[in-house]
Amino acid sequence: MPDISLTMVVVLCLASLAAGWIDAVVGGGGLLLLPALLLGLPGGAPAAYALGTNKAVAIVGTSGAAVTYARKAPVDVRLAVRIGLAALAGSTGGAFVAAGMSTDVLKPVVMVVLVGVGTFVILRPAFGTAPSAEPVPPRRVLAAIGLAGLGIGFYDGLIGPGTGTFLVLALTALLHLDLVTASATAKIVNCCTNAGALATFAWKGTVYWQLAALMAVFNLVGGTVGAHTALKRGSGFVRVVLLTVVFALVANLAYQQWLA
């Protein structure tokens, strides 16, 4: 357990609760959870401990949300696992590349893509409101495995922020899913990528397990409640949260690029 005050432990647990809810609805919980850990852990703690503890917390909430969705949403679990395994391979490759390059050069590109995505969602109110009645062609399934799996998994290993949001958008566009089903599928994919990352951090010994266990309880509650909220409120609600997270991610990346 790191040497932090009880007040900070409470703040981190509340941040974990909120992050679990956001991540379950549309992805992007790491936008709240990781900065909270970076600020809350002792000043001398390497950033790797924040990253490792973040993954140990997030995988619990993501798994809880995935189980909740799988029980009540029409999720193709086999397809989600196939995409998840591709994402696991992609994130591993991205992590290796990240070790030898500066990711700062990619952040402006990601911001432009996100602004474009947000604009598209605003101008297309029907995007993700209802699934397609036609079966998904095999070429779209392969595209989903390639782009949502390998491509976004690579991004997760290389940079990371907003991976869940990108997954929701890609799965909605490629597989013609509604936003609720896309969120459900994304959670299963996220479980695969989080497991791979957590295994790496655990092997390196950069996880505060006691703190992570405590925060994970709150993250699990937030993730489960978030999944129930998305299922109850429907795609229109998820769309609003999606746009909020997209533009919050743009602001976060802009701050890191030019102001931090």
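Patches are built from residues that have over 30% relative accessible area and no salt bridge, with like charges joined within 9 Å and nonpolar side chains (Val, Leu, Ile, Met, Phe, Trp, Tyr) joined within 5 Å. A salt bridge here is a side-chain nitrogen of Lys or Arg within 4 Å of a carboxyl oxygen of Asp or Glu, and accessible areas come from the Shrake-Rupley method with a 1.4 Å probe, where for residues only the protein chains shown count as cover. This is a predicted model, in which local features need pLDDT of at least 70 and side-chain atom pairs count only at pLDDT 80 or more, while totals for chains, interfaces and linings use all residues. Residues are numbered from 1 along each chain as its sequence is written, and side-chain values use heavy atoms, leaving out hydrogens and water.

On the surface, Met1, Leu6, Val10, Leu14, Leu17, Leu214, Val217, Phe218, Val221 and Val225 form a nonpolar patch with about 860 Å² of accessible area together. Two or more residues of the patch come from each of helix 1 (6–26) and helix 9 (209–233), where helices (H or I, at least four residues) are DSSP runs numbered from the N terminus. Helix 9 gives the largest share, five residues.

Valine 225 has its place in helix 9 and counts as partly exposed because its relative accessibility is 42%; buried means under 20% relative accessible area, exposed over 50%, and partly exposed in between (1.4 Å probe, protein chains only). Lysine 232 also lies in helix 9, and with a relative accessible area of 73% lysine 232 is exposed. The C-alpha atoms of lysine 232 and valine 180 are separated by 9.8 Å, although these residues are 52 residues apart along the chain.

## An aromatic pair

The structure holds three aromatic pairs, where rings of Phe, Tyr and Trp (its six-membered ring) pair if their centres lie within 6.5 Å, and planes under 30 degrees apart count as stacked, over 60 as edge-to-face and the rest as tilted. One of them joins tryptophan 21 and phenylalanine 237 edge-to-face, at 6.0 Å centre to centre and 80° between the planes. This pair links distant parts of the chain, since tryptophan 21 is in helix 1 and phenylalanine 237 is in helix 10 (residues 235–259), 216 residues apart. Tryptophan 21 is partly exposed at 27% relative accessible area, whereas phenylalanine 237 is buried at 17%.
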